[in-house]
Amino acid sequence: QVQLVESGGGLVQAGGSLRLACAASGRYAMGWFRQAPGKEREFVAVISWSGGSTLYADSVKDRFTISRDNAKNTVYLQMNSLKPEDTAVYYCAASPGVIGGPSPTQYDDWGQGTQVTVSS
């Protein structure tokens, strides 16, 4: 089982930026998902173990950037131009696959989540 710990959430005004971090050890593709109140968990982004392959949801493309530093066992989600509709609990997740994907069923381990609130 992989231990995942997210950090970096908070309250920001629309148009602002936040950077989330997820501490994780092991050779996994890593994804970020989010869940707003009353909604299903949705895919945000995923990065392969090597960092050479990434995939984004259309709703965050060109605003969010996923990256990783394997020397620090940390995955990041840089979020720019935030919108109120980005408000959600953000989760990082580890996939045993080399690349990962957009389905939650592809991930075996999840963090506890970190709240991101974007005010208008």
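Which hand does the link of Cys22 and Cys92 have, right or left? With 55° about the S-S bond, that link is right-handed. The model behind this answer is predicted: local features need pLDDT of at least 70, side-chain atom pairs count only at pLDDT 80 or more, and totals for chains, interfaces and linings use all residues. Residues are numbered from 1 along each chain as its sequence is written, and side-chain values use heavy atoms, with hydrogens and water left out.

Stay with the disulfide for a moment. The term stands for a pair of cysteine sulfur atoms within 2.5 Å. In general, such a link is a covalent bond between the sulfur atoms of two cysteines. This structure holds 1 disulfide. The sulfur atoms of Cys22 and Cys92 are 2.0 Å apart. Cys22 sits in strand β3 (residues 18-23) and Cys92 in strand β9 (residues 88-95), so the pair ties together parts that are 70 residues apart in sequence. Strands are DSSP runs of E with at least two residues, helices are runs of H or I with at least four, and both are numbered from the N terminus. Cys22 is buried, at a relative accessible area of 0%. Cys92 is buried too, with 0% relative accessibility. Buried means under 20% relative accessible area, exposed means over 50%, and partly exposed lies in between (1.4 Å probe, protein chains only).

Now take the chain as a whole. It has 0 helices and 11 strands. Its pattern along the sequence is β-β-β-β-β-β-β-β-β-β-β. The radius of gyration is 13 Å, close to the 14 Å that the globule rule gives for 120 residues, so the chain is as compact as a globular protein of that length. That radius is taken over C-alpha atoms, and the rule is 2.2 Å times the number of residues to the power 0.38. The C-alpha trace spans about 40 × 30 × 25 Å along its principal axes. Of the 120 residues, 43% count as buried.

Contacts come next. A contact means heavy atoms within 4.5 Å. Take the contacts between residues at least 6 apart in sequence: 57% of them join residues at least 24 apart.

The surface and the charges follow. The accessible surface of the chain comes to about 6100 Å². Carbon and sulfur atoms own 48% of that surface. The areas come from the Shrake-Rupley method with a 1.4 Å probe; for residues, only the protein chains shown count as cover. The chain carries 10 positive and 10 negative side chains. The centres of the two sets lie 5 Å apart. Lys and Arg count as positive, Asp and Glu as negative, while His and the chain ends are not counted. Each charge is placed at NZ of Lys, CZ of Arg, CG of Asp or CD of Glu.

Which residue lies in the loop between β8 and β9? Asp86 does. Asp86 is buried, with a relative accessible area of 1%. Setting aside residues up to four places away in sequence, Asp86 touches Arg34, Arg63, Phe64, Ser81, Val116 and Val118. Its C-alpha atom is separated by 14 Å from that of Gly113, 27 residues away along the chain.

Gln13 is exposed, at 62% relative accessibility. Not counting residues up to four places away in sequence, Gln13 touches Val118 and Ser119.

Gly8 lies in the loop between β1 (5-7) and β2. Gly8 is partly exposed, with a relative accessible area of 32%. Leaving aside neighbours within four places in sequence, Gly8 is in contact with Leu18, Arg19, Leu20 and Thr114.

Two loops remain. Most residues other than glycine have a negative phi. Asp62 has a positive phi of about 75° although it is not a glycine. Its place is in the loop between β6 (54-56) and β7 (64-69). Asp62 is exposed, at a relative accessible area of 78%.

Asn73 also has a positive phi, near 50°, and is a residue other than glycine. Asn73 is found in the loop between β7 and β8 (74-79). At 36% relative accessibility, Asn73 is partly exposed. Lys72 is in the loop between β7 and β8. Lys72 is exposed, with a relative accessible area of 56%. From Lys72 to Asp58 is 29 Å, C-alpha to C-alpha, though the two are 14 residues apart in sequence.
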